[in-house]
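This report describes how the chains of one model meet. Please look at the sequence and the structure first.

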4 protein chains.
Amino acid sequence: MTITADQRAELDQIRSATFTTRRATVPALEEILFEPLPVLDHGFVRVIDYMGDDSAVVQAARVSYGRGTKKVSEDEGLIRYLMRHWHSTPFEMCEIKYHVKLPIFVARQWIRHRTANVNEYSARYSILDREFYLPAPEHLAAQSSSNRQGRAGVLEGEEASRVMDLLREDAERCWRDYAWMLNEEIDGAEPVDPSRQGLARELARMNLTLNTYTQWYWKTDLLNLMNFLRLRADSHAQYEIRAYADVMVDAMERWVPLTSRAFRDYRMNAATISAPGLAVLRRMLAGEAVAQPDSGLSPREWRELMAVLGRPA
Amino acid sequence: MTITADQRAELDQIRSATFTTRRATVPALEEILFEPLPVLDHGFVRVIDYMGDDSAVVQAARVSYGRGTKKVSEDEGLIRYLMRHWHSTPFEMCEIKYHVKLPIFVARQWIRHRTANVNEYSARYSILDREFYLPAPEHLAAQSSSNRQGRAGVLEGEEASRVMDLLREDAERCWRDYAWMLNEEIDGAEPVDPSRQGLARELARMNLTLNTYTQWYWKTDLLNLMNFLRLRADSHAQYEIRAYADVMVDAMERWVPLTSRAFRDYRMNAATISAPGLAVLRRMLAGEAVAQPDSGLSPREWRELMAVLGRPA
Amino acid sequence: MTITADQRAELDQIRSATFTTRRATVPALEEILFEPLPVLDHGFVRVIDYMGDDSAVVQAARVSYGRGTKKVSEDEGLIRYLMRHWHSTPFEMCEIKYHVKLPIFVARQWIRHRTANVNEYSARYSILDREFYLPAPEHLAAQSSSNRQGRAGVLEGEEASRVMDLLREDAERCWRDYAWMLNEEIDGAEPVDPSRQGLARELARMNLTLNTYTQWYWKTDLLNLMNFLRLRADSHAQYEIRAYADVMVDAMERWVPLTSRAFRDYRMNAATISAPGLAVLRRMLAGEAVAQPDSGLSPREWRELMAVLGRPA
Amino acid sequence: MTITADQRAELDQIRSATFTTRRATVPALEEILFEPLPVLDHGFVRVIDYMGDDSAVVQAARVSYGRGTKKVSEDEGLIRYLMRHWHSTPFEMCEIKYHVKLPIFVARQWIRHRTANVNEYSARYSILDREFYLPAPEHLAAQSSSNRQGRAGVLEGEEASRVMDLLREDAERCWRDYAWMLNEEIDGAEPVDPSRQGLARELARMNLTLNTYTQWYWKTDLLNLMNFLRLRADSHAQYEIRAYADVMVDAMERWVPLTSRAFRDYRMNAATISAPGLAVLRRMLAGEAVAQPDSGLSPREWRELMAVLGRPA
């Protein structure tokens with residue numbers, strides 16, 4: 001993570017100011033408010049604002065005049081009930097806003113979650129910094145031969161170092177040429193050549209590689225945050241976006257601990273079992289030794305079901 | 001507006017508690033936080049939470065690390081620029097949540113604004129109070145004969161009083177029969193008859209009239225709030241929903257005064273002039289005396305244009 | 001279902017016209033296109049347009065230039081894979097449009113599904129017909145005492161007939177008074193009294209009961225249709241909206257048979273088992289006799305899990 | 001535009017098949033259905049499906065049982081009325097689906113329009129072709145010095161040719177290295193080296209430049225299409241996305257000619273005039289010679305208003 005001294009000063013200043021409010025406030029989240037939480041080599045997630053807490057979920061479900069909360073155990077019971085029975089609207093009553101710095105190829109996956117508000121740093125208007133994502137050696141994954149969108153093992157030796165060199169050199173050359181085409185005063189670039197006009201920013205940016213870092217403000221409600229995290233903190237998600245989701249899961253824990261616990265139990269660590277899968281399960285519970293060929297499931301579904309049940313396929 | 005003593009106590013309790021926060025806080029809005037603002041005969045709007053302020057708009061547009069604001073005049077200039085050029089995403093960075101009590105027929109208009117989060121009091125689960133909207137005499141409008149969805153004048157004399165009687169009697173009878181069918185302990189209803197089962201709540205509610213009051217929590221972002229207010233605080237909106245929108249415009253003024261001013265200038269009190277309308281305007285500004293028949297506009301469009309220009313049609 | 005002779009003629013005319021198209025076309029759905037499928041006592045669902053078929057899902061997943069489909073078995077395999085792994089966007093590539101006639105209280109539940117397009121018949125602009133939903137005797141459910149939003153048994157004898165009378169009389173009186181207040185030429189209402197102005201339509205409608213029928217055009221994509229049907233064709237949904245969902249499930253079967261099958265297996269008849277539930281399941285499969293008290297589940301969750309597994313609670 | 005012989009054959013096959021349907025069908029749009037319309041150097045837009053026509057707008061506004069259309073002149077009048085008065089829902093009743101090939105930096109602007117359905121070609125799963133956008137000489141724009149996100153003039157001579165060389169060389173080198181890292185059988189790349197594992201596709205793609213072409217299926221309704229086109233076919237939009245929007249405006253003309261005409265008159269070629277702007281206008285129409293300093297408008301707003309009115313600033 002790269003934060004300049006000026007940015008650090010801004011952060012300290014913003015973090016040191018406090019105000020008095022009648023709104024629901026969450027001290028555990030306030031602790032990390034505005035602070036950049038590092039992700040990957042230069043990225044971060046900063047929680048920069050929030051609205052509501054666990055009680056706001058309860059309050060909305062009860063459409064109450066006051067805090068609407070009762071004993072903590074009753075509130076937790078209600079939250080778990082809502083989660084289990086797929087009630088969605090009470091969880092939409094909490095909102096959170098982040099400032100995120102992330103590689104462009106990660107931003108392109110992220111933006112597919114449409115029920116959110118986004119303001120991205122504009123490369124049409126501004127100049128992007130010379131910062132690129134380069135995988136750590138343990139994340140320089142080889143292509144899986146069985147799963148077209150999967151990884152298998154890690155590149156090693158000469159191949160690994162050649163790949164790292166290419167990623168670094170190509171990103172740097174592209175950025176250097178981008179800066180040359182712009183012909184503006186830019187930190188780390190050549191001085192301006194007054195005999196040249198300079199290419200429009202909105203065009204020059206097309207020369208950058210997809211691991212260049214961008215930034216945005218991203219705001220969503222608690223329901224859609226959970227939808228995002230369920231998919232992106234999952235083991236099938238690409239490692240690079242999962243790194244962001246993992247940090248966000250931790251911040252969510254600070255914000256709405258009761259909802260977080262219900263989310264883990266009923267979403268993240270739960271499993272959906274298909275109708276044919278349930279039929280298999282019932283036979284097994286009745287004592288039958290079911291094997292894939294007579295299960296009615298395809299080999300792939302059979303393996304997935306056995307994995308969920310913690311049994312050998 | 002009908003607030004019970006219990007509800008008043010809850011409100012006072014919630015209003016008296018204050019907390020310390022690092023979040024942007026708006027004292028003018030905090031003043032009215034949680035307080036029911038009366039609308040119509042029994043309805044209200046309560047602002048119950050908010051996120052962000054005018055600075056949050058500026059901050060998002062600049063994707064900044066700190067408060068992102070500069071001098072107030074520069075911030076206002078940027079907000080006006082964003083509004084004028086239909087930039088939408090920075091205004092999505094602020095969020096507001098209301099508790100609203102409103103007649104069902106108003107709720108049905110309101111819900112058509114889909115980009116919002118809603119939790120309505122459930123008549124499937126709970127019992128609705130005996131409260132109905134009855135228009136004040138000055139709002140007992142006659143049907144317009146020229147505009148099928150418009151009003152023209154006000155009913156008077158015997159017709160007015162007969163209409164008022166019917167509205168009141170029908171609403172009350174329907175509620176009384178609703179309560180009878182439920183056969184539960186309800187304030188203002190007959191005692192429970194232990195020999196009867198009672199109709200399911202989810203069915204009994206169908207006997208209520210559309211002026212019965214319901215309540216909901218409604219949460220939206222500043223952009224969609226403005227879209228709502230532009231349509232519903234407009235003179236073409238039905239009076240009953242406009243009464244709510246007007247109160248919300250005032251609360252918005254407290255919350256985001258710079259955005260509110262820009263909103264009035266570039267949305268509420270602005271006018272969109274069509275391509276043919278602009279052609280007419282250019283001819284008029286060049287000194288030509290244009291009349292409807294040679295304007296290229298239909299009579300109706302001509303009248304609308306002259307109204308915008310403050311000229312006789 | 002009440003269709004006038006004029007409407008029937010319009011339907012026959014629209015159904016008899018055919019056109020030539022290059023678009024994907026589904027004969028089984030074309031068969032019922034435009035035809036009102038009866039629901040409840042006066043309601044209906046009419047499929048009035050559609051875009052795409054099962055192949056469009058496959059095509060989108062493959063971003064292909066042509067039909068993008070391979071053998072039916074491969075296409076079905078892909079669709080089942082997408083459904084099982086919660087891929088959502090390929091299912092958004094199909095669209096369907098309905099004309100629905102439904103009681104207002106059902107419309108109020110339905111409209112909570114926001115990701116859809118709606119045009120409702122406007123009672124501000126037009127006059128509503130004298131048609132109300134009255135439950136058939138076998139659906140005149142009593143209130144459940146254990147589940148506040150549930151039904152339990154059916155009202156019988158005198159109570160049933162009194163409830164039916166009240167529902168009918170109140171709806172009819174309210175409509176009659178609505179018509180009287182309007183003072184317009186309306187089928188089934190008194191003649192116009194020229195000495196009266198008539199109340200504005202947008203006001204008079206508030207006198208109607210919530211079982212009055214309304215109509216709308218409702219359009220959504222296949223993904224959101226499935227989200228709707230999963231909740232509304234479910235046994236926990238109120239009977240009256242389920243009656244609509246059931247008819248729509250059948251029409252979906254005609255439209256996209258492969259997707260429908262996957263939908264039944266992986267959504268409608270599937271079950272989500274929580275993390276604590278999975279732990280119980282593993283113990284049971286390992287031969288342990290688990291009982292609720294040592295299961296880590298609440299009594300309610302235990303009952304729900306046993307129901308899913310087809311075992312006594 | 002680069003279409004392989006195989007793709008051409010698929011297109012011809014899909015274009016030659018016709019079906020019989022009861023749905024509204026638009027011959028002028030059917031003519032170009034599936035056909036790639038060239039955009040930029042290698043891009044295209046293909047209309048691949050649609051639902052509804054001008055009549056569907058009218059039909060929805062009237063919630064009719066049949067075609068719902070009357071005389072063409074009445075239908076057009078209604079469509080113009082709906083457009084003028086910002087009625088939105090009837091235009092949501094038509095839907096269109098495109099297959100688009102476009103540079104990644106254009107895709108990143110495009111995706112900000114969230115109310116649409118998207119399936120993008122996955123570079124996590126598949127391998128991207130060696131195709132990059134390189135501006136034609138007349139679009140190699142210089143940076144504007146007055147407008148930070150604008151263009152001013154065109155690069156010429158040596159600067160232009162050096163920029164073109166850099167764009168080409170960097171894109172090609174990055175793609176070549178991408179292909180090397182993948183170590184798979186790829187047209188135009190080196191043969192596979194069996195001693196290397198090959199980098200995971202989801203990682204290798206990060207080495208590509210932002211002018212690399214991607215493809216997607218993009219589906220939206222007519223209202224949101226117009227929102228997209230109003231912003232992206234506008235002179236302030238970046239040339240490269242405008243090139244796509246222009247082609248889509250033409251296709252829309254074929255599809256819904258009445259709506260298109262209204263869209264041009266009331267959206268694309270209309271102007272919104274602010275409250276202070278209207279005040280100026282009224283003074284001018286009353287014969288006053290208003291100048292910027294006494295107009296109450298900022299210099300920038302004054303220039304914008306004069307431009308709309310076709311007068312010297």
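A salt bridge is a side-chain nitrogen of Lys or Arg within 4 Å of a carboxyl oxygen of Asp or Glu. The model described here is predicted.

## Salt bridges in the whole structure

Over all chains, a search of the whole structure finds 108 salt bridges. One of them links Glu304(C) and Arg84(A), whose side chains meet with N and O 3.0 Å apart. This pair crosses between chains: Glu304(C) belongs to helix α12 (residues 299-308) of chain C, and Arg84(A) belongs to helix α4 (residues 72-84) of chain A.

## Domains of chain A

Chain A is divided into three parts, namely domain 1 (1-132 + 213-270), domain 2 (134-210) and domain 3 (275-309). Taken over C-alpha atoms, the centres of domain 2 and domain 3 of chain A are separated by 47 Å.

## Where chain B meets chain A

How many residues of chain B are in contact with chain A? There are 53 residues on the chain B side, in contact with 53 residues of chain A. The area buried between chain B and chain A is about 5200 Å², and carbon and sulfur atoms give 53% of that area. Within chain B, Arg22(B), Arg23(B) and Tyr65(B) supply 21% of the area that this chain buries against chain A, more than any other three residues.

Between chain B and chain A the count is four salt bridges. Lys219(B) forms a salt bridge with Glu95(A), and their closest N and O atoms are 2.5 Å apart. Polar contacts between chain B and chain A number 32 residue pairs, with both residues at pLDDT 80 or more. On the side of chain B that touches chain A, the elements giving two or more residues are helices α1 (5-16) and α3 (54-62), together with strands β1 (19-21), β3 (43-51), β4 (95-103), β5 (117-120) and β8 (213-221). By class, this side of chain B has 23 nonpolar, 14 polar and 16 charged residues.

## Where chain D meets chain C

Chain D and chain C each give 53 residues to their contact. Together they bury about 5200 Å² between them, with 53% of it on carbon and sulfur atoms. The residues of chain D that lose the most area to chain C are Arg22(D), Arg23(D) and Tyr65(D), which together account for 21% of what that side buries.

Across the interface of chain D and chain C there are four salt bridges. Lys219(C) forms a salt bridge with Glu95(D), with 2.5 Å between the closest N and O atoms. There are also 32 residue pairs in polar contact across the interface of chain D and chain C, both residues being at pLDDT 80 or more. Elements that give two or more residues to the side of chain D touching chain C include α1 (5-16), β1 (19-21) and β8 (213-221) of chain D. The residues on this side of chain D divide into 23 nonpolar, 14 polar and 16 charged.

Which way do strand β1 of chain A and β1(B) run relative to each other, parallel or antiparallel? They run antiparallel, and three bridges join strand β1 (residues 19-21) of chain A to β1(B). In this pairing Phe19(A) stands opposite Thr21(B).

Strand β1 (residues 19-21) of chain C is joined to β1(D) by three bridges, and these strands run antiparallel. Here Thr21(C) stands opposite Phe19(D) in β1(D).

Note on methods
Residues are numbered from 1 along each chain as its sequence is written. Chains are lettered from A and ligands numbered from 1 in the order in which they are written. This is a predicted model: local features need pLDDT of at least 70, side-chain atom pairs count only at pLDDT 80 or more; totals for chains, interfaces and linings use all residues. Side-chain values use heavy atoms; hydrogens and water are left out. Contact means heavy atoms within 4.5 Å. Buried area is the accessible area (1.4 Å probe) that two parts lose on being put together, summed over both. A polar contact is a pair of N or O atoms within 3.5 Å; within protein, one must be able to donate a hydrogen and the other to accept it, and residues adjacent in sequence count only if both atoms are side-chain atoms. Helices (H or I, at least four residues) and strands (E, at least two) are DSSP runs, numbered from the N terminus. Ala, Val, Leu, Ile, Met, Phe, Trp, Tyr, Cys and Pro count as nonpolar, Asp, Glu, Lys and Arg as charged, and the others, Gly among them, as polar. Two strands pair if DSSP finds at least two bridges between them. Domain bounds come from an automatic or database domain assignment.
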